[in-house]
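Welcome! Have a look at the sequence and the model first, then work through the tasks one step at a time.

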Amino acid sequence: VRLFANNLHVEYQKYADEYEKKALDVLRSGWYVLGKELDLFEQEFANYLSAKHCIGVASGLDALIISHKLLGIGPGDEVIVAANAYIACVMGITINGAKPIFVEPDQHHNIDVAKIEQSITSKTKAILAVHLYGQSCDMDIVMKIANRNDLLVIEDCAQAHGAEWDGRKVGTYGNAACFSFYPTKNLGGFGDGGAIVTDNAKLAEDIRCYRNYGSRVKYQNDVVGTNSRLDEIQAGLLTIKLKYLDNINKERSKIAQRYFQGINNKLIELPKIRLNTKPVWHQFVVSTKYRNELQEYLKQNGINTVMHYPIPPHLSNAYKYLGYKKGDFPMAEEYANSVLSLPLYYGLTQKEQEYTIDIINNWKM
Ligand SMILES: Cc1ncc(COP(=O)(O)O)c(C=O)c1O
């Protein structure tokens with residue numbers, strides 16, 4: 001193997017001294033859950049986004065589950081979501097007993113906003129806007145539709161830390177926004193982690209209570225809550241990485257630009273970018289109808305790649321009970337059969353990338 005699909009070593013090494021010092025400080029502090037490191041990270045991340053409140057939780061999926069639940073979404077409700085979203089997005093809806101209403105993606109691999117309104121029923125409660133691969137959904141239209149139809153908006157920013165729509169960071173448009181700090185994310189921690197961001201003080205307070213067994217005051221439990229907290233070591237390390245997030249995103253953007261300039265194989269379609277977005281290149285996703293062959297060819301040349309994602313949620317075993325079949329969401333299914341994510345990570349060298357581009361350009365069918 002010459003290239004892995006992802007490689008977290010270089011980014012770690014770059015700031016290793018700071019991370020190691022912080023981890024030791026927290027270990028030696030004797031305080032590991034719900035402490036000053038989490039308070040600081042929550043403040044800093046809210047500031048970074050220009051949002052009012054951030055509440056750290058245990059994972060991106062928990063952020064989704066908890067935000068839907070505390071916005072009052074449950075049995076009998078419908079939530080609109082892109083049919084090609086990651087399956088965790090759908091789980092955030094269904095674990096609460098609500099029903100996902102799938103809408104086809106557009107050419108940017110985000111929800112096709114022209115198809116949202118026809119999917120709204122009297123049961124629709126919310127739109128889950130997933131900013132896939134680091135590129136924002138069309139938030140002007142999502143917010144317009146939500147306002148017109150009195151719907152909530154939840155943003156899934158798990159792949160879009162620092163991405164912008166129209167000069168404003170994603171995560172600040174909806175009623176709540178969910179983030180994941182899974183290690184491979186642009187703002188990735190060193191284990192699982194997540195956060196919910198909101199401008200709504202009451203919702204923020206409810207989430208703080210819910211994530212900690214429904215407790216605001218020790219031994220007093222107001223609601224049946226859960227245990228979902230971003231621990232002190234993760235929070236401390238994320239505060240450090242947050243300082244470098246813009247640099248990390250810049251580096252990722254440089255890599256994306258090199259792919260755009262270098263790849264000229266007619267069999268391969270490059271990602272499309274909306275004019276008023278600032279993507280953060282969580283993934284660089286190319287498409288080709290010979291996707292499996294391309295993946296195999298790259299592998300034979302030492303380049304590993306992954307697919308985001310080969311099975312759309314409506315066709316996964318987990319959602320058989322919803323009763324969908326092949327052909328129900330042709331765009332999402334076509335994407336599932338044609339997308340391939342090229343290596344894109346902090347520290348990918350120009351040489352490695354030029355090799356990848358050459359190999360791709362020499363590909364024939
Ligand atoms: C779009 C999206 N939503 C939600 C999640 C879930 O986050 P986590 O893995 O932290 O639970 C992920 C990543 O895994 C994701 O990519």
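**Exercise 1. Decide whether Asn265 is buried or exposed, and find what its side chain reaches.**

Step 1. Asn265 has a relative accessible area of 8%, so it is buried. Here buried means under 20% relative accessible area, exposed means over 50%, and partly exposed is in between, with a 1.4 Å probe and protein chains only.

Before going on, a word about the model. It is a predicted model, in which local features need pLDDT of at least 70 and side-chain atom pairs count only at pLDDT 80 or more, while totals for chains, interfaces and linings use all residues. Residues are numbered from 1 along each chain as its sequence is written, and side-chain values use heavy atoms, with hydrogens and water left out.

Step 2. Helices (H or I, at least four residues) and strands (E, at least two) are DSSP runs, numbered from the N terminus.

Step 3. Follow the side chain. From Asn265 it reaches the backbone oxygen of Ile360 at 2.8 Å, and the backbone oxygen of Trp363 also at 2.8 Å. Each is a polar contact (a pair of N or O atoms within 3.5 Å; within protein, one must be able to donate a hydrogen and the other to accept it, and residues adjacent in sequence count only if both atoms are side-chain atoms).

Step 4. List the contacts, meaning heavy atoms within 4.5 Å. Apart from neighbours within four places in sequence, Asn265 is in contact with Ile360, Asn361 and Trp363.

**Exercise 2. Find which residues come nearest to the ligand.**

Step 1. There are 15 residues around the ligand, and Gly60, Asp156, Gln159, Ser180 and Lys185 come nearest. A residue is near a molecule or strand if one of its heavy atoms lies within 4 Å of it.

- A polar backbone atom of Gly60 is 2.8 Å from an oxygen atom of the ligand.
- An N or O atom in the side chain of Asp156 is 2.6 Å from a nitrogen atom of the ligand.
- An N or O atom in the side chain of Lys185 is 3.1 Å from an oxygen atom of the ligand.

Step 2. Consider the cover. On its own the ligand has 390 Å² of accessible area, and the protein covers 90% of this. Accessible areas come from the Shrake-Rupley method with a 1.4 Å probe; for residues, only the protein chains shown count as cover.

**Exercise 3. Describe where Val280 lies and what it is in contact with.**

Step 1. Val280 is in the loop between strand 12 and strand 13. With 1% relative accessibility, Val280 counts as buried.

Step 2. Leaving out neighbours within four places in sequence, the residues in contact with Val280 include Gly134, Gln159, His161, Asn186 and Arg252.

Step 3. Compare sequence and space: Val280 and Arg258 are 22 residues apart in sequence, and their C-alpha atoms are 14 Å apart.

**Exercise 4. Step back: how many helices and strands does the chain have?**

Step 1. The chain has 11 helices and 14 strands.

Step 2. Of its 365 residues, 57% count as buried. Along its principal axes the C-alpha trace spans about 65 × 55 × 35 Å.
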